[in-house]
Structures are given as C-alpha cells and as structure tokens.
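Dear colleague,

I am handing over the structure we spoke about, and below it you will find notes on what turned up in it. Please read them with the model open beside you.

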Amino acid sequence: MCSQMNGETIRQKLKGSPRLKRLLDWIIMNQRDARPRWYVRLIAPLYQHRGRGSKVYWSVRMDTPPYRRFSLGRHSVVESFSCINNAVGDVTVGDYTRIGLHNTVIGPVAIGSHVNMAQGVTVTALNHNFSNPSKFIDQQGISTRIVTIGDDVWIGAGAVVLPGVTIGPHSVVAAGAVVTRDVPPCSLVAGVPAGIVKTLS
C-alpha cells in the first residue's frame with residue numbers, strides 16, 4: 001500500500017514539472033517503438049508483481065514501465081505472443097486467470113480471478129482523440145477509461161473489449177464480439193456491438 005501511495009505521489013509531482021516528466025519519459029521509453037528501453041525491460045521482474053506459481057511466457061511483449069503497476073496473481077498465466085501495456089494505466093490480474101495466445105491488454109485494466117481469455121482477444125482502455133479535423137489524429141493525444149473484468153468470466157476468441165466497459169462476474173463474451181457497454185453479471189453477450197443473448201442462471 002505504501003509503495004502504491006509513493007508511486008502516486010511521484011506521479012502527481014511529475015505532473016507539476018513537465019520538463020522533468022519529459023526527461024524521465026525519454027529515459028524510460030523508446031519514443032519510436034513506444035515501449036520501455038532495453039535496459040528497463042532487463043530489470044522489469046524486479047518491479048513487477050508476479051504471484052506464486054504464475055507464468056509469463058518468454059515471447060510476451062511486456063510494455064510495463066516502472067511508473068505504473070503490473071500485478072499478476074497466483075497461478076495466473078500470460079500465454080505466448082501476447083502484449084501487456086501499462087504505460088498509461090495499471091494492469092492488474094487476479095488469481096488462476098489465463099490470458100490466451102496473442103492477447104493484447106492495454107491499461108488501465110483490472111481483470112479478476114478465474115478469468116479465461118481465448119486466443120486473439122483485445123482489451124483496451126485507451127482511445128486516440130480525433131475530434132479536431134484540422135490536426136493529425138496522432139497529435140491530439142489519448143484518453144483512457146478503465147476496463148473492469150469480474151471474476152469467473154470467459155471471453156471467446158477474437159473478442160474486443162473497449163474503454164470504460166465493466167464485465168460482471170460469471171459472464172461469457174462470445175467469440176468475435178465487440179463489447180462497447182457494460183455486461184451485467186451472469187450474462188452471455190454476442191455480436192457487434194455485443195448485446196445480451198441470455199442470462200445464465
């Protein structure tokens with residue numbers, strides 16, 4: 001708890017000093033590749049929290065700079081060729097959760113326990129701003145809205161979960177669904193955009 005408070009205190013101080021923030025960001029992040037520099041990635045296991053019995057496969061792209069939190073619960077797994085990115089928001093994963101092959105998770109995202117994500121799932125809390133047509137989209141900044149996935153959720157292959165969505169416990173997201181709004185507990189959702197197909201008793 002103290003380390004979280006200290007991290008938040010540091011972030012608030014950096015907001016008041018834009019030049020220092022830019023310098024630290026340049027030291028930590030490769031601006032072209034939009035990922036932590038190689039020397040930061042070498043020490044990542046020292047500042048990431050990985051619970052007992054958890055596993056992150058060697059081919060996973062861990063874009064997890066130290067100024068945000070990454071936490072993987074007990075006996076949870078991040079499968080091969082996935083990408084975990086907490087550069088703009090914390091990523092927390094509960095116990096006994098499996099993030100499947102080729103998944104992409106961009107924070108801030110909170111994933112519960114006993115969650116199963118199939119292949120090719122995207123969960124993103126980040127969106128690019130685009131309302132000003134006189135500026136390039138990549139010059140308009142980003143916005144984030146936390147994604148929350150409750151305990152005991154199954155997300156099918158190729159599904160997309162968009163910013164601001166909360167998926168209630170014991171819910172199922174069908175393969176290929178695009179989830180744009182909250183999913184109540186014990187619901188099966190499918191389609192583009194995803195809608196409730198039935199309630200799971």
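Ser-80 counts as buried because its relative accessibility is 14% (buried means under 20% relative accessible area, exposed over 50%, and partly exposed in between, with a 1.4 Å probe and protein chains only). This is a predicted model, in which local features need pLDDT of at least 70 and side-chain atom pairs count only at pLDDT 80 or more, while totals for chains, interfaces and linings use all residues. Residues are numbered from 1 along each chain as its sequence is written, and side-chain values use heavy atoms, with hydrogens and water left out.

Ser-80 sits in the loop between β7 (77-78) and β8 (83-85), strands being DSSP runs of E with at least two residues, numbered from the N terminus. Apart from neighbours within four places in sequence, Ser-80 has contacts (heavy atoms within 4.5 Å) with Tyr-57, Ser-59, Val-60, Leu-101 and His-102.

There are three salt bridges in the structure, a salt bridge being a side-chain nitrogen of Lys or Arg within 4 Å of a carboxyl oxygen of Asp or Glu. Glu-79 pairs with Arg-98, with 2.4 Å between the closest N and O atoms; Glu-79 lies in the loop between β7 and β8 and Arg-98 in strand β10, so this pair ties together parts 19 residues apart in sequence. Glu-79 is buried at 15% relative accessibility, whereas Arg-98 is partly exposed at 36%.

Asp-63 and Arg-61 form another salt bridge (2.8 Å, N to O), in which Asp-63 is buried at 2% relative accessibility and Arg-61 is partly exposed at 30%.

Best regards

Note on methods. Helix = DSSP H or I, 4+ residues; strand = E, 2+ residues; numbered from the N terminus.
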